[in-house]
Amino acid sequence: MLLFYSKKPFHTRYGGQRDESPSLLDTLYLILYTCYMNKPRIFSGIQPSGNLHLGNYLGAIKNWAKLQDEYDSIFCVVDLHAITVPQDPEALKKKTIEIAKIYLAAGIDPSKCSIFIQSHVSEHTELAWILNTITKIPEMERMTQFKDKSEKLDKSKISMGLFDYPVLMAADIILYDTNLVPVGKDQMQHIELTRDLASRFNNKFGETFILPKGYTTKESANIMGLDDPTKKMSKSAKSEYNYIALTDDEETVRRKIKKAVTDSGSEIVYSDEKPALKNLINIYSLLADKKPEEIEKEYAGKGYAEFKNGLADVTIAFLEPFQKKLKEYDDEKVLEILRAGAEKVRLLATAKMEEVKKKIGFVL
Ligand code: AQP
């Protein structure tokens, strides 16, 4: 009930520029909210760009849904991250709402969690700027995601924003006193940087930020490309045979799985020596909620064709009801949920920024 105290929507209470400070009621709400929650906090987000795939779902969103009862959960559509590479404005708008619908269809419950659009809470960029001033260029140059992403781009399109992406991600996380960040393995280096920056700030200005930990599971940490088991399944992959999109229809799923790369031999075994098959068994295991050993037993004496048919069946059994739910959400309703989410987390962000500004000597 506490979560819904606000009468006016976020944008009218604070206006575009937000010249109001939090009211007494806001402060009271914040105290009650913190006491009421009394749970550790998780924060995570996904960029509204490209086609979301099984890697995004299994590596991130599925874990969010699993953790949402145990944690005070904040999930974000990170549009500020998306613009670190060129985006078409109309497509970005549509994608932002679509990503929020994906969160909802995957079981993220807005009555338990805050779901919002990153650019609706300007404290993210404010804190990122401050963190920039304690970040060193060489530590940014080590970020493998930047190296991978910039390799795919024409040199003239590599922006300062893309280079700075991990600092904004650090700000996203520590702004909310986050304890745990459920992400795929590709983001773990950024979580390490987040811990370094939080700890550096604390040492310099006094205890301010919690040092967050990354969260993933062995099977879901790194879902690999169906066409290349040495590289992660990726939105920006050149070939559509790299990934299964969350919006793929039955025919497409069957075609992609049939074409998926396999290893030599024909036995269905879960082993590091068969990385392509191991990846397919991981996907099967996560979607069907079965242990890899159970799958090995189920397909003992059977070949790749039968296994791939089974994998296509479990994938479709997940995607069909998911896609049905996805179609049921109305854009306006989703926007209302996102605005209410921003309103909730805004109070936490404002309070944290006030603390940060005091510590670094800004005049308030
Ligand atoms: N292949 C993957 N296996 C496990 N987890 C994955 N994630 C992404 N790919 C895999 C996780 O999904 C979330 C998406 O975060 P993002 O939207 O910021 O995009 P990203 O990390 O850059 O991943 P993509 O989808 O593959 O995009 P591109 O092609 O642009 O690199 C994160 O939690 C990520 O770990």
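## Why these labels? A predicted model questioned

Student: What makes Y103 buried?

Tutor: Y103 has 24 other C-beta atoms within 10 Å. A residue is buried if 20 or more other C-beta atoms lie within 10 Å of its own, exposed if 12 or fewer, and partly exposed in between, with C-beta atoms placed from the backbone. Y103 is therefore buried.

Student: What kind of model is this, and how are residues numbered?

Tutor: This is a predicted model; local features need pLDDT of at least 70, side-chain atom pairs count only at pLDDT 80 or more, and totals for chains, interfaces and linings use all residues. Residues are numbered from 1 along each chain as its sequence is written.

Student: Where does Y103 lie, and which residues is Y103 in contact with, leaving aside neighbours within four places in sequence?

Tutor: Y103 lies in helix α5. Helices (H or I, at least four residues) and strands (E, at least two) are DSSP runs, numbered from the N terminus. Beyond those neighbours, Y103 is in contact with I61, F75, I108 and I115. Contact means that the two C-beta atoms, placed from the backbone, lie within 7 Å.

Student: Why is D177 called partly exposed?

Tutor: D177 has 18 other C-beta atoms within 10 Å, so D177 is partly exposed. D177 sits in the loop between α9 (160-174) and β4 (180-182).

Student: And what makes D289 count as exposed?

Tutor: D289 has 8 C-beta neighbours inside 10 Å, and therefore counts as exposed. The loop between α12 (275-288) and α13 (292-298) holds D289.

Student: Why is α5 called oblique to α14?

Tutor: The axes of α5 (residues 89-105) and α14 (residues 304-328) cross at roughly 125° and come within 9 Å. That angle makes α5 oblique to α14. Angles under 35 degrees count as roughly parallel, over 145 as roughly antiparallel, 65 to 115 as roughly perpendicular and the rest as oblique. Axes are lines fitted to C-alpha atoms, for helices over the stretch in contact, and angles run from 0 to 180 degrees between N-to-C directions.

Student: Which residues of α5 and α14 meet?

Tutor: K101, I102 and A105 in α5 meet F322, K325 and L326 in α14. By class, this contact has four nonpolar, no polar and two charged residues. Ala, Val, Leu, Ile, Met, Phe, Trp, Tyr, Cys and Pro count as nonpolar, Asp, Glu, Lys and Arg as charged, and the others, Gly among them, as polar.

Student: What makes α12 and α14 oblique to each other?

Tutor: α12 and α14 pack at an angle of about 40°, with axes 9 Å apart. Such a pair is therefore oblique.

Student: Which residues make the contact of α12 with α14, and how do they divide by class?

Tutor: L280, I283, Y284, L287 and A288 in α12 meet L311, V314, T315 and F318 in α14. These divide into eight nonpolar, one polar and no charged.

Student: Which residues come nearest to the ligand?

Tutor: Of the 18 residues around the ligand, G55, G59, V183, G184 and S236 come nearest. A residue is near if its C-beta atom, placed from the backbone, lies within 6 Å of the molecule or strand. The shell has five nonpolar, ten polar and three charged residues.
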